[in-house]
Amino acid sequence: MDYQALANNIQRFRKTKMLTQDQLAEQLGVSSQAVSKWENGASCPDIALLPELAKIFEVSIDEIFSQPNFEVVSYQEEGKRKDIDEMFFRVRILSSDGDKVNVNLPMALLRVMPPEAMGINISGVDLSDSIDFKMIMDLAEKGAMGKLVEIESADGDHIQVFVD
């Protein structure tokens, strides 16, 4: 089970419904700290809460657990774009050694952080040399969302960069 997908989905669906953690907690009869732990991947909601979560979010229980499908880059029209400060820059690394790394950064942080400070390194390759973070920011500001970069190394490492 991918606990990070569950955590990301709960947070994403909550924000889509424009609910605070306190509001969601109140609707479910749990503490806001419980919701915070779910969204941080420190714990999971009780199985009995899943139907109510799905009802509140207006999604299926399967969608609560699923990985978002970022296979296609889409462009949002200017009036329909998310605020860049509400978006996330995500990097997924699947190393040939079996390691999995998920980096989730708010785009607001990416905007102010110099590329050399990213420090994402796999198999001795610094991704700040391979990924143009300014270009990704520019694309996101112009409405690009989804999988923007996919790299597969000769060593079998797989790297994906998303904006959502």
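1. A residue is called buried here when its relative accessible area is under 20%, and exposed when that value is over 50%. With these words in hand, helix 3 can be read as having two sides: the face turned away from its buried side carries the exposed residues Q33 and N40. Please keep in mind throughout that this is a predicted model.

2. The buried residues of helix 3, which spans residues 32-40, are A34, V35, W38 and E39. They lie on the same side of helix 3 because they cover an arc of only 135° around the axis. What do the buried residues of helix 3 pack against? Their partners are helix 1 and helix 2, the latter made of residues 21-28. Just after helix 3 comes G41, which takes a positive phi of about 75°.

3. Taking the protein as a whole, its secondary structure comes to eight helices and seven strands. Of its 164 residues, 38% count as buried. If one looks at contacts between residues at least 6 apart in sequence, 59% of them join residues at least 24 apart.

4. Five strands form an open sheet, in the order 1-6-7-2-3, and their pairing is antiparallel. At its edges are strand 1 (74-75) and strand 3 (100-106), each of which pairs on one side only. Helix 8, residues 133-141, packs on this sheet and touches strand 1, strand 2 (88-94), strand 6 and strand 7, while its direction makes about 155° with that of strand 6.

5. Strand 6 (residues 144-152) in turn pairs with strand 7 (residues 158-163) in the antiparallel sense, over six bridges. Here I151 stands opposite I159 of strand 7, and E150 stands opposite Q160 of strand 7. The hairpin of strand 6 and strand 7 has five residues between the strands, and in this hairpin G156 takes a positive phi near 95°.

6. Strand 7 also pairs with strand 2, again in the antiparallel sense and over six bridges, and in this pairing V91 stands opposite V161 of strand 7. How many of the six residues of strand 7 are buried? Six of the six are, and the strand is described as mostly covered.

7. Which parts of the chain does the pair link? It links distant ones: F13 is in helix 1 (residues 3-16) and F57 is in helix 4 (residues 50-57), 44 residues apart. Both F13 and F57 are buried.

8. The last point concerns N8, which is also found in helix 1. Is N8 buried or exposed? N8 is buried, because its relative accessible area is 17%, and the cut-off for a buried residue is under 20%. Leaving aside its neighbours within four places in sequence, N8 is in contact with R90 and N104. As for I64, N8 and this residue are 56 residues apart in sequence, with 9.1 Å between them in space, C-alpha to C-alpha.

Key
Residues numbered from 1 in each chain as written. Predicted model: local features only at pLDDT ≥ 70, side-chain atom pairs only at ≥ 80, totals over all residues. Heavy atoms only, no water. Pairing = 2+ DSSP bridges. Helix = DSSP H or I, 4+ residues; strand = E, 2+ residues; numbered from the N terminus. Contact = heavy atoms within 4.5 Å. Axes fitted to C-alpha atoms, helices over the stretch in contact; angles between N-to-C directions. Buried < 20%, exposed > 50% of the residue type's maximum accessible area, 1.4 Å probe, protein only. Arc of directions from axis to C-beta.
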